[in-house]
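Hi,

Here is the structure I promised to pass on to you. Have it open while you read, and I'll walk you through what turned up.

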Amino acid sequence: MRTIRIVLVKMSQMSRRHLWFTAHRYCALTLGCLLALCALLGAALTVAKPLDRWWNASLFVQVPAAAPASLEQLRSRLAQEFGPAAGFNFRPPREPQDTLWAYVRGPWEGIVFFDAGSGEELGRRAEHEGFYNLLFELHSSVLLGETGQAVLTAAAASYLVLLASGLVLWWPRRWPPRLAVRWDAGALRAVFDLHGLGGALLGLLVAVSVATGAYMAWPPLRPMVSSLVGEKPVPAPARLAPLVGPRIALDELVRRAREQFPEARVGYVQAGSRNDQPVRVRLKLPQDPHPNGLTSVWLHPVTGAVLDARRWDQLDLGHRVISVIYPLHTGALGGTALTVVVGVLGLVLAGLGGSGLWLWWKRRQARRVPRPARAGGLEIR
């Protein structure tokens, strides 16, 4: 009876291990491959961004301007070219040598670069034009817009299954575990050890990068988080009743917005071509870790009235945590050191995906090879 009980226990353990192995394998072969690809693209972005600015310095670097160009004049020029349905998001210089950018959303979508002093156009780049832009769009939405963001969020959620099942399969029977790679046992064994140790030792750090990316990729997660703590997100000012009359200059609206938060720096200025669209001025307060700032002021484009003003630290939790999650995911929160760590973690996740796929393929090949015939219980060689 004791022998039968031991056999049943071992069969039960093998059955559970097989279930974990099956979950790990099929999750990795579906969404896990997409996740590994996005991780590789994310690691490439940490290098591609500075290279892009170096290679295309004429778009990003200029001689410091003595006086800033008129945002209203630039808005009028863009509205005349792209029509009344277009929207514009201006990024004023963050540093003295920075150029001024205008993100255009309309019949043409992309960035127009201006000299921050003279207002002269330096060049333009369509949304998917250029190596860096293509990498970013692939990394953030696989070129599928909101559908791609939802798919990437599902891929990020699959990482929880991969991490849990991988830890169960790796978990050693004896402690302390032997944290070593058997290089002398062939490539297959070495890759197997690297795959297990990499997931076990760095899996939780990779999870931080995956979770922050998923949170940014799928905006519906933010109100869900706020609801969990009993907070209700306050919507931005809705479309206005159209008023007939001249618009107040965009530069004056920015000045009025800064009066609400005098110590803030301007991050972005969102303005449309129609009088029924509020102008949003996005500001960065000194305490806000988000590089672009999450404090916002909405103003009426015709009357100039302040419609709403919200500090970054007074937003609902789901939107407030973006101030930390965004710079943590991109590496901006810790400067060059954290950017390097983010890039390395992306390579780790890509390496886990690639090594896992190779191990699966080798296992599949081994199954196709016929086993040696046996005679008298011995292998014939």
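Below are some notes on how to read it, and then the findings, grouped by region.

First, the ground rules. This is a predicted model, so local features need pLDDT of at least 70 and side-chain atom pairs count only at pLDDT 80 or more, while totals for chains, interfaces and linings use all residues. Residues are numbered from 1 along each chain as its sequence is written, and side-chain values use heavy atoms, with hydrogens and water left out.

**Helix α1 and its end**

Let's begin with W55, which sits in helix α1 (residues 2-55). Helices here are DSSP runs of H or I with at least four residues, strands are E runs of at least two, and both are numbered from the N terminus. Is W55 buried or exposed? W55 has a relative accessibility of 66%, so it counts as exposed. The cut-offs are under 20% relative accessible area for buried, over 50% for exposed, and partly exposed in between, using a 1.4 Å probe and protein chains only.

W55 also belongs to a nonpolar surface patch with V47, L51 and W54, and together they have about 540 Å² of accessible area. That area comes from the Shrake-Rupley method with a 1.4 Å probe, and for residues only the protein chains shown count as cover. Patch members need over 30% relative accessible area and no salt bridge; nonpolar side chains (Val, Leu, Ile, Met, Phe, Trp, Tyr) are joined within 5 Å, and like charges within 9 Å.

**Salt bridges**

How many salt bridges does the structure hold? There are 13, where a salt bridge means a side-chain nitrogen of Lys or Arg within 4 Å of a carboxyl oxygen of Asp or Glu. The idea behind it: side chains of opposite charge can pair when their charged atoms come close.

D52 is one to look up, as its side chain meets that of R53 (3.9 Å, N to O) and that of R125 (3.0 Å, N to O). Why does the pair of D52 and R125 tie together parts that are apart in sequence? Because D52 lies in helix α1 and R125 in strand β4 (residues 121-126), the two parts being 73 residues apart. D52 and R125 are both buried, with D52 at a relative accessible area of 9%. R53, on the other hand, is partly exposed at 26%.

Now go to helix α8 (residues 250-260), where R255 and E259 are four residues apart, about one turn of the helix. Between R255 and E259, the closest N and O atoms are 2.5 Å apart. R255 is partly exposed at 42%, and E259 is partly exposed at 47%.

Two packed helices are described by the angle between their axes and the distance between the axes. For α6 (residues 187-217) and α11 (residues 335-368), the axes come within 8 Å and cross at roughly 140°. Axes are lines fitted to C-alpha atoms, for helices over the stretch in contact, and angles run from 0 to 180 degrees between N-to-C directions.

Which residues meet there? Among them are L188, F192 and L202 in α6, and L349, W358 and L359 in α11. Contact means heavy atoms within 4.5 Å.

In helix α10 (residues 322-330), the buried residues are I322, S323, I325, P327 and H329. They pack against α4, α6, α7 (221-228), α9 (317-320) and α11. Just after α10, G331 takes a positive phi of about 95°.

L138 is in helix α4 (residues 131-141) and is partly exposed at 27%. Leaving out residues up to four places away in sequence, L138 touches C38, L41 and L143. Its C-alpha atom is 9.3 Å from that of G42, 96 residues apart along the chain.

Finally, some backbone details. Most residues other than glycine have a negative phi, and most peptide bonds are trans. In the loop between α4 and α5, V142 has a positive phi near 45°. L143 lies in that loop too, with a positive phi near 65°, and is partly exposed at 43%. The peptide bond from W175 to P176 is cis, with omega near 0°, and P176 is in the loop between α5 (145-170) and α6.

Happy browsing!
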